[in-house]
Amino acid sequence: MAQRVSIQTADFDLSTEVAALRAADPGVGAVASFVGTVRDRNDGSAVSDMELEHYPGMTERAIEAMIDEARQRFDIRAARVVHRVGPLRVGEQIVLVAVTSAHRGQAFQACEFLMDYLKTQAPFWKKETTPEGARWVDARVADDAALARWGIQASNA
Amino acid sequence: MKVQVRYFAALREALGAAETVELPAGSTLGTLRDVLLARGGRHAEVLARGRAVRCALDQAMSDETAVLRDGAEVAFFPPVTGG
């Protein structure tokens, strides 16, 4: 089976990842993808760059379990998650979630489900640099609410 | 029994990346937190109940009721902020 989860410092290429996900599967009729990037503002401050920390081992296992859950819930053909760690500058890509399915509805839903799940359950932590100094990013209650829509209580924030 | 304790993000900065802690057999994750809190100092500060601290047992999200075994890997960390 192709690798489903990559945690890496290197950047990723959306086209390459989608091509690999679709390869040799003529049953694919839809691809939905999400790319998260580093924004220049957060919580009222300018942000110049950030550092992403993770829990090696647990992070990969958690996301693998999320993909298993997505495959249970949705009629999808394949899913891929790439998440970067280490130092990242404004504008850089942070995360990719890509899902293939026969029809668009299931791919859209599974992609959003995976992102909502990842935001509150995958062990990553962002530390951003602002003019006032470096600070750890606070978790958002809104992200817990987003996961609750899928019937999962997050209680992360 | 001995358990390996790991810290991440702000907790790692305050307490270091990892330590080994000796506990009575049958201890729970809550017992471990009590032992760490009883040390006072930075442990008492950053692991205080009421602060947003999440925990994992053997690399899966867990809570203080979980029973630990010898050689377990426990982690304490702030709410996650990936994505």
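## Strand pairing in chain B

In this predicted model, B:Cys55 has B:Ser62 of β4(B) as its bridge partner. Strand β3 of chain B covers residues 54-57 and is joined to β4(B) by three bridges, the two running antiparallel.

Both strands belong to an open sheet of five strands in chain B, ordered β2-β1-β5-β3-β4 with mixed pairing. Its edges are β2 (18-22) and β4 of chain B, each of which pairs on one side only. On average, neighbouring strands of the sheet are turned by 30° against each other, direction ignored. Helix α2 of chain B (residues 29-37) lies across β1 (2-7), β2, β3, β4 and β5 (73-77) of that chain, at about 60° to β5(B).

## Helix α3 of chain A

The 18 residues of α3(A) should span 26 Å at 1.5 Å a residue, and the end C-alpha atoms are 26 Å apart, so the two values agree. Its buried residues include A:Ala107, A:Cys111, A:Phe113, A:Asp116 and A:Gln121. The cover over the buried residues of α3(A) includes β2, α2, β6, β8 and α4 (141-148) of chain A, together with β4 (60-62) of chain B.

## Nonpolar cores

The largest nonpolar core has 36 residues; A:Ile63, A:Met66, A:Val99, A:Phe113 and A:Leu114 touch the most other members. Elements of chain A that each supply at least two of its residues include β5 (49-54), α2 (58-73) and β8 (93-101). The largest share, eight residues, comes from α3(A).

Beyond its neighbours within four places in sequence, A:Leu114 is in contact with A:Met66, A:Ile67, A:Ala70, A:Ala79, A:Val97 and A:Val99. Another core, of 23 residues, lies apart from the largest one and has B:Val5, B:Ala14, B:Leu36 and B:Val46 among its members.

Technical notes. Residues numbered from 1 in each chain as written. Chains lettered and ligands numbered in written order. Predicted model: local features only at pLDDT ≥ 70, side-chain atom pairs only at ≥ 80, totals over all residues. Heavy atoms only, no water. Core = buried A, V, L, I, M, F, W, Y, C linked by side-chain atoms within 4.5 Å. Buried < 20%, exposed > 50% of the residue type's maximum accessible area, 1.4 Å probe, protein only. Helix = DSSP H or I, 4+ residues; strand = E, 2+ residues; numbered from the N terminus. Contact = heavy atoms within 4.5 Å. Expected span 1.5 Å × (residues − 1). Pairing = 2+ DSSP bridges. Axes fitted to C-alpha atoms, helices over the stretch in contact; angles between N-to-C directions.
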